[in-house]
Every structure is written in structure tokens, then in C-alpha cells.
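Subject: Structure handover

Hi,

Here is the structure for you to look over. My notes follow below it.

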Amino acid sequence: MEKAINGKTIQVNEEGYLTDFSQWDKNIATEIAKEEGIPELTNEHWSIIDYLQDQYKKEIPLSIRKIGKSGVVDIEKFYALFPQGPLKKATKIAGIPKPASCI
Amino acid sequence: MTEYNGEVRKMMIILSKATLENVYAAFVLANGARMEGIEAEVFFTFFGLEAIHKKKLEHLHVATVGNPAMHIPTMLGGLPGMEALATSMMKKEMDKLDMPGVHEFLDILKASGVKMWACKLAMEMFHLKKEDMYEGIGGVITVGEFYKKGAGIGTHMLFI
């Protein structure tokens, strides 16, 4: 389905995840973050978003455990930065698919 | 105030067993809840206390007797070394799936905001002290206190 953000139209699935990563930009990330209850993306948020996108491009599956070992952020901080389901929210903001991981 | 539409908001998980498959079931359910933005608390009681017992938690085994899904005849399952063999095989498979060991999993749960409690009655029965247990637990509490912590709309309780 289509979604309009800041005058730009993007393709998203029924849960609001971008289906075409090439349509992603920082404005879109900021807007999705607001919808997800994160009013402002700080440098810490951006470094996590970069990391997630990098893992996605390398086709490495994401998990909470890997985030904790990434050296980018620890698990406690990750939950604090993206409250209420951090991996779900962070990937949505990063414009990549929702991870199918249980751990 | 937002309207309640039946979603799960909090999982109260009671772990009463110390076999590896049950401990992991409880941990994955608690962790999975947090990943979805659902609150999670785990109450360790009876043999479940071994999962947070410092000296025992890295030595938990899979049950090979009385478990038809293992597809090992019960008589063979009871032979010396069978539990250890089945356990090492299962741990290898879990490694492939990037599953953490028990201690690391407890650390992940703690960092993810899962609250963990030891059952007071079972602690007394097994002559255990809080110092014997994993340091990330919230405390030693009674069943009644655990129920109180589950108060609120959308709480589910699960006995493992």
C-alpha cells in the first residue's frame, strides 16, 4: 500500500514497513519515529539505524542478542531508546523488513 | 485513556522445572514478550530454581526419560551418559540458531526489563539463600506477592 510522508509517497506493507528500501531517507525515518512515539532521533538512534541497515545489506539476520554484542548499543539502552519493542520499531524506522527472530 | 481491545500486555510466567527444554521455553517466551513491547515477569519455583542457581544454571540437562518426543526408548534414556549426550546435541543445535547459554540468556532478560523472582517457599525447602542465586533477580517473594505483581488489564499467567 501507499503512504504519504512529507509530500513523498512511499510503499509500505500492512504493518507500515517500507517494502522498497531505496525509498528510505532520513526525513521518512524521522516521521516514522514520531508515529512510533519517538519525538526526536538522537545521534545514538542514528548509529543504531546505520548498524541495522548495514546488517540488512549484508543479509545478516537480526536478533536482540546480536544487537547487544554489536558494540553499538547495549540491550538495556536499546530498549530505552526504542521503547515498546525496540527491534520492531528500530527496523521500521530504518526502512528495513521486520525481523522474524524470536530471540 | 485508551480502550482495551484484548491484547496481551503482561506475561507472568511460572517456571517449575529445570530441564533445559522447559527453561528455554520460559526464557524465549519472556524475551519474546519484551521484544513485542509486552511486560514479562518470571517466578522461579521448585526445580525451576535451578535455572537461577549460580552453581547449577550452566549444567542443566534435557530429560531423556519419560519424554516420548525424544524418540529414545525409556530404558535406553535411563542409561548413564544419555542425558549428557542428548543435552550436548541439543546445545549444538541451539548454537546454530544463535541461542545464548543460560547465564547469558538471564543477562539478556535482565537487560530487556524482565523481572525475575525466586519463590520463597521453594527457596526454604531447598535451603537456598539469595546469595546462591543469579544476582539479577528482583528478590525472593511469596505466591501472593507474585499474583499482586500481575494486577492489571491484559495480564496472562503461564505455568511451565
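What covers the buried residues of helix 2 of chain A? Keep in mind that this is a predicted model. The cover includes helix 1 (26-35), helix 3, helix 4 (75-81) and helix 5 (86-94), which belong to chain A as well. The buried residues of helix 2 are A:His45, A:Trp46, A:Ile48, A:Ile49, A:Tyr51, A:Leu52, A:Gln53 and A:Gln55.

The length of this helix checks out. Helix 2 of chain A runs over residues 43-57, which makes 15 residues. At 1.5 Å a residue it should span 21 Å, and its end C-alpha atoms are 21 Å apart, so the two agree. After the helix comes A:Glu59, with a positive phi near 60°.

Next, the nonpolar cores. As background, nonpolar side chains in soluble globular proteins tend to be buried together. Here the largest nonpolar core has 45 residues. B:Phe27, B:Phe44, B:Leu49, B:Ile52 and B:Leu106 touch the most other members. In chain B, at least two residues of this core come from each of strand 1 (10-15), helix 1 (20-35), strand 2 (39-44), helix 4, strand 3 (115-119) and helix 5 (120-125). Helix 1 of chain B gives the most, with seven residues. A second, separate core has 33 residues, including A:Ile48, A:Leu52, A:Tyr79 and A:Phe82. Two of the names there, A:Ile48 and A:Leu52, are also among the buried residues of helix 2 of chain A.

B:Phe27 deserves a look. Leaving aside neighbours within four places in sequence, B:Phe27 contacts B:Phe44, B:Ala51, B:Val102, B:Phe105, B:Leu106 and B:Leu109.

Then there is B:Glu41, in strand 2 of chain B. Is B:Glu41 buried or exposed? B:Glu41 counts as buried because its relative accessible area is 3%, and the cut-off is under 20%. With neighbours within four places again set aside, its contacts include B:Lys10, B:Lys115 and B:Lys149. B:Met11, B:Met12, B:Ile13, B:Val114, B:Trp117 and B:Phe146 are also in contact with B:Glu41.

Last, the cavity search. The volume of the largest cavity is about 30 Å³. Its lining draws on both chains: A:Ile64, A:Arg65 and A:Ile103, with B:Asn31, B:Pro100, B:Phe105 and B:Ile108. Helix 3 (64-69) of chain A and helix 4 (102-111) of chain B each supply at least two of the lining residues. By type, the lining has five nonpolar residues, one polar and one charged.

Best wishes

Terms used:
Residues are numbered from 1 along each chain as its sequence is written. Chains are lettered from A and ligands numbered from 1 in the order in which they are written. This is a predicted model: local features need pLDDT of at least 70, side-chain atom pairs count only at pLDDT 80 or more; totals for chains, interfaces and linings use all residues. Side-chain values use heavy atoms; hydrogens and water are left out. On a 1 Å grid over the protein atoms alone, a cavity is a set of points where a 1.4 Å probe fits but cannot get out, and a pocket is an open set with protein on both sides within 12 Å along at least five of seven lines; lining residues have an atom within 4 Å of a point. Grid points are joined across faces, edges and corners, and a volume is the space filled by probe spheres set on the points. Helices (H or I, at least four residues) and strands (E, at least two) are DSSP runs, numbered from the N terminus. Ala, Val, Leu, Ile, Met, Phe, Trp, Tyr, Cys and Pro count as nonpolar, Asp, Glu, Lys and Arg as charged, and the others, Gly among them, as polar. A nonpolar core is a set of buried Ala, Val, Leu, Ile, Met, Phe, Trp, Tyr and Cys residues joined through side-chain atoms within 4.5 Å. Buried means under 20% relative accessible area, exposed over 50%, partly exposed in between (1.4 Å probe, protein chains only). Contact means heavy atoms within 4.5 Å. The expected span of a helix is 1.5 Å times one less than its number of residues.
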